[in-house]
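These notes are meant for a colleague who is opening this structure for the first time. Please keep the sequence and the model side by side while reading the points below.

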Amino acid sequence: MFSRKMVLIVGFIVLIAVNIIGLSVTSRRSTSFGIERIALSAIAPFQELVTRSLRFTRNIWRTYFYLVTIARVNQVLLQDLSQAVQNKNQWHETELANMRLRDLIDFQRNISERVVAAEVIGKDPSAWFKTVIIDKGEADGLTRGLPVVIAQGIAGQVIEVSNHYSKVMLIVDSNSAVDSLVQRTRARGVIKGESTDQCRLDYVLRKNDVRIGDTIVSSGLDGVYPKGLRIGFVSQVIEHNADIFHEVIVTPFVDFEKLEEVLVILEVQKHDWANRP
Amino acid sequence: MSYFFNISACLFLVILQTTVMPYIPLLDKFYDLLIPFIVYLGLSRPVRESLPFVLFLGFIMDNLSGGPFGLYLTTYFWLYLGVIGITMFIQVGNRLMIITVVIASGVLFENLVLLGSFAILKTRPQFAGNAVEIVAGQVLWALLTGSLFLLFFRNTHRRISLGFKRNPARAREQG
């Protein structure tokens, strides 16, 4: 009665209609038929397994394998940081050197003599002698006996000269002696090294007033150091009943442990007693 | 090769104790590191090879130090002769105890020579209060570390010598 083609078309239309109706009905209903639950229960564990596996893999990748890249980045950053710290340290050193050199230049302006700046490059190998090696020598105009100073005070004198280097005996060396004055009372004495951090002021008569804290300056009478350069301060005065001199301990203003740059005075104005009018 | 090692070691030790060690608080009064080296030369090297170095070291140190010229030369020379003398009577070899005592005695000897020179030349009216402390500290350091330095010199020299000997042998094998 109906052709096969006709049946197929009608069936197709009915199917579409049933589908539309079904959709419209299910879209209005909130309750499920339970199939979803079964499906959910059956599929979810696998989903979970796969998802967790994926996450686990992803985590492994991110936290371990990816760390290779991070480690490289970290290494680069560490290198940068190290460089930055090094630069900062270098700048700090430059800043400190700048401050010290400024002090030296200020000091240089205050003294009338011609000076040469030098850097300390080595110390005495023995604990018994206090000398340093500086990087200026004969080629720079240095000769034996020239005084060496820094802004804080007298450091020592040149005792040996080579072409480009010199050896400086510090005032704390036991062989050193500087003719000096107590600045406040003008009492005269001789500063001698002790091979420690301190010096002694010898030959100060007991009739002269010397107190703790007094500043000691060079007298200029030894023909080595210009007059009026600071040496140190009196840190101890010991009185002996049977002695005609004070026993005076002097702490130098110069910190010899931190001596880095010095000035060598090239032309010391000496007293010309012979041609004095 | 031995000359190369000796010159390098001398320069290294001299530079180390004049530029680095004075600025390290605990080591600023460390004993003279050339003493273990001289003891090593006396114990392990032939006289014709080591004696020039002993004199050279004394000369260098006298030039660098503020003391009267010849102090270190004297000290090192007599110390070296002392070590040679000891080896005639005692078989030192690798006996650490004897090596340690020899080095500590060397340090004490050097300090006594320096202090003796102060007394003879009267450059120092009275010894600094910490003289005993300095000498005792140096001897103690020498007792603790002296033999280590000597063994270090000996092993380094041996390794360098072996390295130098192997290389020509390898070159011959490959050639």
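1. A definition comes first: two strands are said to pair if DSSP finds at least two bridges between them. Helices (H or I, at least four residues) and strands (E, at least two) are DSSP runs, numbered from the N terminus. With these terms in hand, the bridge partner of Val115(A) in strand 12 of chain A is Ile265(A).

2. On conventions, this is a predicted model, in which local features need pLDDT of at least 70 and side-chain atom pairs count only at pLDDT 80 or more, while totals for chains, interfaces and linings use all residues. Residues are numbered from 1 along each chain as its sequence is written, and chains are lettered from A and ligands numbered from 1 in the order in which they are written.

3. Chain A has 2 helices and 12 strands, and, read along the sequence, its pattern is α-α-β-β-β-β-β-β-β-β-β-β-β-β. A residue is called buried if 20 or more other C-beta atoms lie within 10 Å of its own, exposed if 12 or fewer, and partly exposed in between, with C-beta atoms placed from the backbone. Of the 277 residues of chain A, 26% count as buried. Two residues are in contact if their C-beta atoms, placed from the backbone, lie within 7 Å, and among the contacts in chain A between residues at least 6 apart in sequence, 55% join residues at least 24 apart.

4. One closed barrel of chain A has 6 strands in the order 1-2-5-4-3-12, with antiparallel pairing. Its neighbouring strands are turned by 45° against each other on average, direction ignored; the axes behind this angle are lines fitted to C-alpha atoms, for helices over the stretch in contact, and angles run from 0 to 180 degrees between N-to-C directions.

5. In the latter pairing, Val148(A) has Val264(A) as its bridge partner. Leaving aside residues up to four places away in sequence, Val264(A) touches several residues, including Val115(A), Val116(A), Leu142(A), Leu146(A) and Val158(A).

6. Another barrel of chain A is closed by 6 strands in the order 6-7-8-11-10-9, again with antiparallel pairing, and here neighbouring strands are turned by 40° against each other on average, direction ignored. Strand 7 (residues 188-193) and strand 8 (residues 199-205) of chain A run antiparallel and are joined by 4 bridges, with Gly193(A) standing opposite Cys199(A). Strand 8 is joined to strand 11 (residues 245-252) of chain A by 5 bridges, also antiparallel; Arg200(A) has Ile249(A) as its bridge partner in strand 11, and Val204(A) stands opposite His246(A).

7. A nonpolar core is a set of buried Ala, Val, Leu, Ile, Met, Phe, Trp, Tyr and Cys residues joined through C-beta atoms within 7 Å. Of the 81 residues in the largest such core, Ala155(A), Val262(A), Val264(A) and Ile38(B) touch the most other members. Helix 2 (residues 34-44) of chain B gives the most to this core, with 8 residues.

8. Which residues of helix 1 of chain B are buried? They are Asn6(B), Ala9(B), Leu13(B), Gln17(B) and Thr18(B). Seen down the axis of helix 1 of chain B, these buried residues fall within an arc of 135° (taken from the directions from the helix axis to the C-beta atoms), so they line one face of the helix. On the other side of this helix, the exposed residues include Phe4(B), Ile7(B), Leu11(B) and Val20(B).

9. The contact between the chains takes 17 residues from chain B and 19 residues from chain A. Helix 1 and helix 3 (47-64) of chain B each supply at least two residues of the side of chain B that touches chain A, and the largest share of that side, 3 residues, comes from helix 1.

10. Finally, Asn94(B) lies in the loop between helix 4 (71-89) and helix 5 (96-121) of chain B. Asn94(B) is exposed, with 10 other C-beta atoms within 10 Å. The C-alpha atoms of Asn94(B) and Ser147(B) are separated by 9.8 Å, although these residues are 53 residues apart along the chain.
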